[in-house]
Amino acid sequence: MGILDKIGEIEREISRTQKNKATEYHLGLLKAKLAKYRAQLLEPSKTAGAKGEGFDVMKSGDARVALIGFPSVGKSTFLSLMTSTASEAASYEFTTLTCIPGVIEYKGANIQLLDLPGIIEGAAQGKGRGRQVIAVARTADVVIMMLDATKGGVQRELLEKELESVGIRLNSKKPNIYFKPKKGGGLSYNSTVPLTMCSEKLVQLILHEYKIFNAEVLFREDSTPDEFIDVIVGNRVYMPCLYVYNKVDQISIEEVNRLAHVPNSVVIRFVCGMKLNLDYLLETLWDYLALICIFTKKRGVCYFPLLFSSQCHRIHRTLAGQFKYALVWGTSTKYSPQRVGLTHIMEHEDVIQIVKK
């Protein structure tokens, strides 16, 4: 029996097993096995195969955004409208067969936008070059999930399932669980909050499935067995996702209003030269990227903008080690200039002068 057959069998058993107190240990064990088989499925094959052309895109600019969606939902047209890159668009499916990069220039930032080929159901198992598409999506800072408004929530559920199965967690934070394998001493199980979903016996069963018998586990929040498995596996990617509903002119105004009020969602339409709500989409994308513009300053020299994620490494990789203090002008200070250290949190359009040791 192959890995895909084992995954299918476990998924069927999970779906037909009732969720109650008596079956929680059995379900936890099944989920641990499922995560282990999926991890094996994503491992690169030992036999060298042909390298997929068009997917080796160098990361450039201040942030990377991946466009994901089913075929013929408007990804290529969106890329052509937002950037100077012309991506082929047609009335038939799978027009885009490779990863096509473009650059959005917004508020002084260069945002790399990747138009990925359409995903089909079963992409996580390799259908339709799904593995290459999802591998590129894991490197993005934000995912834009382009959806057809006429399809309801079907496309969204299928895409979320595909991304979930390969370790991409959308709009969720990393579980606050401390986990450290040890060489001996058995299992040390503690929690700082009351736990309702993960008991010590369930944690032990899950760890045994991964051949871990000695470990230190500390729950700082009430987590599910799936979140604990994510911490054990350790290769999960947590990233924000913006759900963009296109073709809203083909549904009722009541449905448009409902989709517009769904969390993390934006409704748009671009047809016949119209670009409905694209400006709001750009503003929302900027908020999701959480970029701020910082101006650096030398004595007697004018300012120049620098886009920060949050680290000194964006200026130079050795700067954090040579940092002595900094003078900051702007809204993040009590007075200008204020002498600050490495822990100071900058705000948008602050000015900084760095003094090295």
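Two strands are taken to pair if DSSP finds at least two bridges between them, where strands (E, at least two residues) and helices (H or I, at least four) are DSSP runs numbered from the N terminus. The model is predicted, so that local features need pLDDT of at least 70 and side-chain atom pairs count only at pLDDT 80 or more, whereas totals for chains, interfaces and linings use all residues. Residues are numbered from 1 along each chain as its sequence is written, and side-chain values use heavy atoms, with hydrogens and water left out.

**View 1. An open sheet of three strands with mixed pairing.** The strand order is β6-β8-β7, and the edge strands, β6 (177-181) and β7 (187-191), each pair on one side only. Neighbouring strands of this sheet are turned against each other by 5° on average, direction ignored, with axes being lines fitted to C-alpha atoms, for helices over the stretch in contact, and angles running from 0 to 180 degrees between N-to-C directions.

**View 2. The parallel pair β7 and β8, with helix α7.** Strand β8 (residues 215-219) is joined to β7 by five bridges, and Tyr-189 stands opposite Val-217 in β8. Helix α7 (residues 225-233) packs on the sheet, where it touches β6 and β8 and makes about 45° with the direction of β6; contact here means heavy atoms within 4.5 Å.

View 3. Cys-241 counts as buried because its relative accessibility is 0%, buried meaning under 20% relative accessible area (1.4 Å probe, protein chains only). Leaving aside residues up to four places away in sequence, Cys-241 touches Val-143, Met-145, Leu-170, Asn-171, Asn-264 and Tyr-288.

Technical notes
Buried < 20%, exposed > 50% of the residue type's maximum accessible area, 1.4 Å probe, protein only.
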